[in-house]
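Here is a short briefing to read alongside the fold on your screen.

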Amino acid sequence: MPLVFVGVCSHAPGITGRAERADPRQRETFHAALDRLRLAIAASRPAALIVVAAEHFANFFMNNMPAFALGMADRYEGPIEDESWLRIPHACVPGNADLSRRLISHVLEEVDVAYAEEWKFDHGIIVPLHFLTPSYDLPIIPANINCQGPPLTPLHRAYAFGRALRHAADAVPERIALIGTGGISHWPATPNSGKINEAWDREFLDRWIANRPARLLSYTDEETYRNAGQGGFEIRTFIAAAGAAEGSTGEIWCYEPIPIFAVGCTVGVMRLTP
């Protein structure tokens with residue numbers, strides 16, 4: 001069964017933790033796009049949702065930092081952050097260890113990927129799930145790309161990881177959906193927190209929509225750090241989603257630069273071609 005859905009969205013903790021402080025028009029526009037994404041995922045009737053995210057030292061640290069990792073458990077917990085800060089209650093999220101194992105076996109044919117039978121979700125996964133699967137009734141397969149601890153995963157390898165996830169999904173009988181979730185330009189936990197480089201974001205999203213690898217993968221980490229901050233390294237998650245939809249083009253349903261959320265809040269989808 002071919003991969004049935006590919007999309008992207010933002011995941012910043014301020015999206016839930018500081019929701020009431022955002023411009024109401026921008027917030028509601030973003031929330032409406034997230035709800036549209038929720039309905040689109042549900043309409044694809046997936047048996048599981050792969051969430052490609054950037055993990056924030058909650059499970060992987062510099063003593064063991066895989067370039068890529070996939071969850072292989074029947075249940076996950078989150079958020080790892082304080083509930084009153086993130087404003088998302090602690091929950092048990094279903095997984096599917098058997099399906100994960102089969103997908104991992106296929107991914108390993110193309111990309112070396114670590115796997116974990118224990119995984120506590122931080123805001124990078126739980127914030128999107130709060131909007132996209134609010135009842136936590138869809139099995140989740142978490143995927144992590146190293147966007148945090150240099151040397152970072154090269155962009156072309158992130159694209160290849162997405163391509164391998166597509167091939168793995170195509171090889172199993174279950175219907176699989178995938179989202180990539182990260183930031184575009186943002187400077188978390190720095191004096192520049194709240195800064196958003198809207199021009200850079202829109203240029204990146206134009207490249208993501210076109211999904212031409214030569215342009216999408218041409219960024220250097222030095223350029224990204226200068227123009228998009230250390231949070232901009234999370235473009236790898238969007239790039240993996242593009243790799244999973246290789247040969248397809250995309251559409252942006254929402255882009256709202258919301259400083260109190262400290263990120264340009266984005267929702268987009270790929271128009272999958274067989």
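Helix 4 passes helix 6 in a right-handed crossing. Please keep in mind that this is a predicted model.

- Two packed helices are described by the angle between their axes and the distance between the axes.
- For helix 4 (residues 97-107) and helix 6 (residues 155-171), the axes come within 8 Å and cross at roughly 125 degrees.
- Angles of 65 to 115 degrees count as roughly perpendicular and those over 145 as roughly antiparallel, and helix 4 and helix 6 are therefore oblique to each other.
- On the helix 4 side, the contact is made by Leu 103, His 106 and Val 107.
- These residues meet Phe 161, Ala 164, Leu 165, Ala 168, Ala 169 and Ala 171 of helix 6.
- By residue type, this contact of helix 4 with helix 6 has eight nonpolar residues, one polar and no charged.

- Eight strands make up an open sheet with mixed pairing, and their order is 6-3-7-2-8-1-10-9.
- Strand 6 (114-116) and strand 9 (249-258) are the edge strands, each pairing on one side only.
- From one strand to the next, the twist averages 20 degrees.

**Strand 2 and its neighbours**

- Strand 2 (residues 48-53) runs parallel to strand 8 (residues 176-182), and six bridges join the two.
- Six of the six residues in strand 2 are buried.

**Strand 1 and its neighbours**

- Strand 1 is joined to strand 8 by six bridges, and the two run parallel.
- Val 6 has Leu 178 as its bridge partner in strand 8.
- Strand 1 and strand 10 run antiparallel and are joined by three bridges.
- Across that pairing, Cys 9 stands opposite Val 267 of strand 10.
- Strand 1 is covered on both faces, with Phe 5, Gly 7 and Cys 9 buried on one side and Val 6, Val 8 and Ser 10 buried on the other.

**Helices on the sheet**

- Helix 10 (residues 235-244) lies across strand 1, strand 2, strand 7 (140-145), strand 8 and strand 10.
- Helix 10 runs at about 155 degrees to strand 8.

Conventions. Residues are numbered from 1 along each chain as its sequence is written. This is a predicted model: local features need pLDDT of at least 70, side-chain atom pairs count only at pLDDT 80 or more; totals for chains, interfaces and linings use all residues. Side-chain values use heavy atoms; hydrogens and water are left out. Two strands pair if DSSP finds at least two bridges between them. Helices (H or I, at least four residues) and strands (E, at least two) are DSSP runs, numbered from the N terminus. Axes are lines fitted to C-alpha atoms, for helices over the stretch in contact, and angles run from 0 to 180 degrees between N-to-C directions. Contact means heavy atoms within 4.5 Å. Angles under 35 degrees count as roughly parallel, over 145 as roughly antiparallel, 65 to 115 as roughly perpendicular and the rest as oblique. A crossing is left-handed if the near helix is turned anticlockwise from the far one by less than a right angle, and right-handed if clockwise. Ala, Val, Leu, Ile, Met, Phe, Trp, Tyr, Cys and Pro count as nonpolar, Asp, Glu, Lys and Arg as charged, and the others, Gly among them, as polar. Buried means under 20% relative accessible area, exposed over 50%, partly exposed in between (1.4 Å probe, protein chains only).
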